[in-house]
Amino acid sequence: MQFEIFLVSASYVSNRKFAALKENLIATNKAPCTVVRLEHQGDNMFDALDFALANGAKRIVLRPIGIPFSQSLRNWVPNAAADWLTRQPVGSIDLAMAADLDEDTELLKLISNRPYRADPIMPKIDGMSGKGWDEPPTFQHHLLVCTGPRCHMRGSFGLLEPLKAAIAKAGISSKCLIASTGCLFPCNNGPVVVHYPKGDWYQLNSSQHVDEFVCDVLVNNQPSPLRLPFQPHREEQVVDGAALGEARREPSNVI
Ligand code: FES
């Protein structure tokens, strides 16, 4: 049986919109399939691969959707899937990745010539601005939570929601400003969270880690064994131009 996994890369799509897309794709695709996000939260590609295998798939095709699909994800996803393959019984499954949709000129022709609805846009003074967008809320802890593709794939328990829930349970939501981010660089140590103003990095691999982090670091201001040995390198940036240049260099895998 062939099983297909649609891969969606769109961090800012709401859970509701994603759920509707997933439902439509599953209802209309001829092969058994599922849909996962490559970033953010929810089931990840490894969950879907495990699911397909457990349900008797002999061949799995990864199908990127989105036009255009990220080139760096296009390069990285097959490697991540190949990594998963090494943990399966030899010869148990065929795995492949479909071509990007923008290689399909017929599809592009179809899209560009489809009838469409257009909603009118009227002049609106200050349309760029929004209520409550003038300054950050008061907070004591600023948390950058990586929801990039590699952290998402390593943290199948879903880091963001358990962290918000643990913070709420500890009664410190009003002290925490939580920002979900794209890739923060040290993907091999993911899923990562950065805690400011201290500038400390943490690897939170499970819901238990999340609870420990909230209790030790945020509530009790204690050192935690979950802290990663990264430092901000502020002084080198000031005195050493080369170090500053290095800090600005973008890794090839940043999404
Ligand atoms: S994806 Fe999280 S650090 Fe790269």
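Student: Which residues does Met45 touch, not counting residues up to four places away in sequence?

Tutor: This is a predicted model. In it, Met45 touches Leu7, Val36, Leu62, Val77, Ala80, Ala81 and Met153, with residues up to four places away in sequence not counted.

Student: What is the largest nonpolar core, and which residues have the most contacts inside it?

Tutor: The largest nonpolar core has 23 residues. Those with the most contacts inside it are Ile5, Leu7, Met45, Leu49, Ile60, Leu62 and Val77.

Student: Which elements give two or more residues to this core?

Tutor: They are strand S1 (2-8), helix H2 (45-54), strand S3 (59-65) and helix H3 (71-85). The largest share, 6 residues, comes from H3. There is also a second, separate core of 18 residues, which includes Leu160, Val193, Val217 and Leu218.

Student: On to helix H7. How many residues does H7 have, and what is its reach?

Tutor: Helix H7 (residues 207-219) has 13 residues. From its first C-alpha to its last it reaches 17 Å, close to the 18 Å expected at 1.5 Å a residue.

Student: Which residues of H7 are buried, and what covers them?

Tutor: The buried residues of H7 are Val210, Phe213, Val214, Val217 and Leu218. Their cover includes strand S5 (141-146), helix H6 (160-169), strand S6 (176-181), strand S7 (192-196) and strand S8 (200-203).

Student: What about the residue Asn221 that follows H7?

Tutor: The phi of Asn221 is positive, near 55 degrees.

Student: A change of topic: where is Asp100, and is it buried or exposed?

Tutor: Asp100 is in the loop between strand S4 (94-97) and helix H4 (105-113). Asp100 counts as buried because its relative accessibility is 12%, and buried means under 20%.

Student: What does the side chain of Asp100 make a polar contact with?

Tutor: The side chain of Asp100 makes a polar contact with the side chain of Arg74, at 2.8 Å. Leaving out residues up to four places away in sequence, Asp100 touches Pro64, Phe69 and Arg74.

Student: Which domains does the domain assignment give?

Tutor: The assignment for the protein chain gives domain 1 (2-111) and domain 2 (141-248). Their C-alpha centres lie 28 Å apart.

Student: How many residues of domain 1 are in contact with domain 2, and what area is buried between them?

Tutor: In domain 1, 14 residues are in contact with 9 residues of domain 2. The area buried between the two domains is about 1100 Å², and carbon and sulfur atoms give 61% of it.

Student: Which residues of domain 1 lose the most area to domain 2?

Tutor: His40, Gln41 and Trp76 do, and together they account for 47% of what the domain 1 side buries.

How values were computed: Residues numbered from 1 in each chain as written. Predicted model: local features only at pLDDT ≥ 70, side-chain atom pairs only at ≥ 80, totals over all residues. Heavy atoms only, no water. Core = buried A, V, L, I, M, F, W, Y, C linked by side-chain atoms within 4.5 Å. Buried < 20%, exposed > 50% of the residue type's maximum accessible area, 1.4 Å probe, protein only. Helix = DSSP H or I, 4+ residues; strand = E, 2+ residues; numbered from the N terminus. Contact = heavy atoms within 4.5 Å. Expected span 1.5 Å × (residues − 1). Polar contact = N/O pair within 3.5 Å; in protein donor to acceptor, adjacent residues only side chain to side chain. Domains from an automatic or database assignment. Buried area = accessible area lost by both parts, 1.4 Å probe.
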